[in-house]
Amino acid sequence: MKFGQHFEELQVHRWKEQYLQYDALKRRLDELSKPSRTLSIDGSLISNPSEDANERWRAWRALLKSQASQIGDFVDSVLIRLENQAQDLLSTRQQAAASSPGTTGSTGASASSAPSNKEREKNKLLGVRLLKSVGDVKSEAAELRRFVELNHAAFYKILKKSKKNLGKTDDGSDLLRELIAEAKLNETSRWDALEEKLSEAVHDERMPTAVLQLAHGLAPSHGAGSETPAQTVERGERALFFFLGSAASLILSILVLISVPIPDKDRDTFITAYFLAPFPVFRVGVSVVLVLWSMGAVARTCEMNHINHFFVLDVDPRCRIGPRILFASAAFLTCAWIFIFGMYVVDYKWEVLPPIGKQHGINSRSSIHFMFYPLLIIATILFVFLRPSATCTYEYRKGMLKGVGRTLAAPFFQVSFGDNLIGDIMTSLAKPLQDVPAAMCYLFSHHPQTQREVDKFLDHGDTCSSWEHKFVGPAIAGLPFLNRSFQCLRRYYDTGEEKHLLNFGKYVASLLVVVVSNALPHDSASVISVSAFATIYAFAWDVTMDWGFDRHDFYSVLRCPGHSGGQCGSLHKRSLLPCTYAACVVVDLIARLAWVNTLLPISIITEDVVLREVLKTFLTVVEIARRGMWSVLRIEWEQVSNAGGFPALLWLPGRSRPVEMSSMGFQQDDMS
């Protein structure tokens, strides 16, 4: 394999633009080797047949030194950042050690009594987080070493080629030493000092042995035979997009099958309401699948943009539940859902399997076995969530359930940011949660379906009794907002910050939509008024409080929409492009207009049985997708605005500004 191919495969993916531009240099060298062309100091080709080899060599040398200088600036900036982070981690360890219970003061007497089990567990978790952060720094330091070594080899190879093409008689070793020094590829003493500082940051004789043992293996290795980060990212994303494209094609095929007209001879037995009756169960499956995809997308976006969501959400740093596991679970459920739902559509429309118990149903097409398809959906979901897993252990699942329990029991527990986020997510699941009793009503109703069940579905969109629509449905729609409002009151009680009272008002406005739309369903003016007020209130809170945007941020978006947040005015602490924030604001406004419909009884919007099911599904998809987008910006703002007292532990291996190709003497098309 040629060196150029090796060089590209071994690069650190996020630093791709920072490496020696090997292929472009080879093309320049080929052009330079022609007697009638030469290279100016600024990298442009000029026609000058009289130039001799020495003049061309000097121009080539200047171009190489220009690139070496750019690489040196990059290496120096990363090393400075790593050195500062190592010092911050050392200070954090000293701060934590000084404030931990059971330490000894300057007089030698015990400063406090022995720590409780809860305090010991908290200190242990802090120690693990410290080790995780040290592991992240070590990981980037190892990547920088690979960056240095690979560029060293690239300089050697390009000099070897230039000696041959330009007819130089010396071995180029002097120039190689100059380039290595210029690119700062020989400053090993700084790595040794960095390693010593990181070792000091985790060296503490009082730290539990079990915690210290976790230091090994925290930084990922890329030894012989392992995939490089670029290969891993490329392979995973290629497989993900292939699956999403295939799934979308299959879903489209199912929609085509649904729209195929029924043959004339079967129209008398085909009943649309009977066909749509199990849709609440299928929609519960859709909601679960979308939540998993959304969680994976949020985790993946945070990782790609260096948002430390584990620390912000107070997740155990030993947890290895990442986007890959979430995407795998979502993909499995997606495949199962598509297969089962597709089988149901084909079976009911074209009577693939013989009917069972049709004499007890509404007509000859009715059958008991149609309920087995939604039952398979429920069984598959339970299998995914209850199966044993070495990564997603029952301990982590129990922790998630505890968070949901604390949210439901508000205001009797203190509200962490993680509980806050769970409460907000539950408000987005108001409409999907209303499908749960509808699904249960279908599963426990008479099978095969009779005229009574069909009439119920035509009237209400499900097979439940009238009391469920009067009491259970509105209660499920309003309960998440009631819990969230109690969380706001608890946070005001704990902190005294008045903004939590304003947040309480937002959820009360949403509750009013539920109350008014159910109590006065025919009073259009009242329903529209409270819905508009709640939508504007929620949207304004999203943008200004949950995402932390102000007018200065919007000015920054207008000034430099295509630059990274780190280079753009008041967005300098942000991770995404300013144009991304602008798009999110617009999407949030549009999706909020759809969100308010999830609080209304569907019968207020339309009485058409098919349109009701389409609208319910559409609102579910839009709101879950909006909440996923919202979560990324909410977690990012929490990281920017509140480091929880230990900002050093929020650090993740960072991105660096791409080097402008024009500053190296290249045009953009040279890199294509």
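View 1. With a relative accessibility of 2%, Cys 464 counts as buried; buried means under 20% relative accessible area, exposed over 50%, and partly exposed in between (1.4 Å probe, protein chains only). This is a predicted model, in which local features need pLDDT of at least 70, side-chain atom pairs count only at pLDDT 80 or more, and totals for chains, interfaces and linings use all residues. Residues are numbered from 1 along each chain as its sequence is written, and side-chain values use heavy atoms, with hydrogens and water left out. Cys 464 is joined to Cys 441 by a disulfide, S to S 2.1 Å (a pair of cysteine sulfur atoms within 2.5 Å). The pair links distant parts of the chain, 23 residues apart: Cys 441 sits in helix H16 (residues 430-443), and Cys 464 in the loop between helix H17 (451-460) and helix H18 (466-495). Helices are DSSP runs (H or I, at least four residues), numbered from the N terminus. The S-S torsion is about 110°, so this disulfide is right-handed.

**View 2. Cys 392, a cysteine whose sulfur is too far from others for a bond.** Its closest cysteine sulfur, in Cys 319, is 7.4 Å away. Cys 392 is partly exposed, at 23% relative accessibility.

**View 3. Helix H10 and the residue after its end.** The 26 residues of H10 (residues 279-304) should span 38 Å at 1.5 Å a residue, and the end C-alpha atoms, 36 Å apart, agree with this; the expected span is 1.5 Å times one less than the number of residues. Just after H10, His 306 takes a positive phi of about 60°.

Definitions and conventions. Helices (H or I, at least four residues) and strands (E, at least two) are DSSP runs, numbered from the N terminus.
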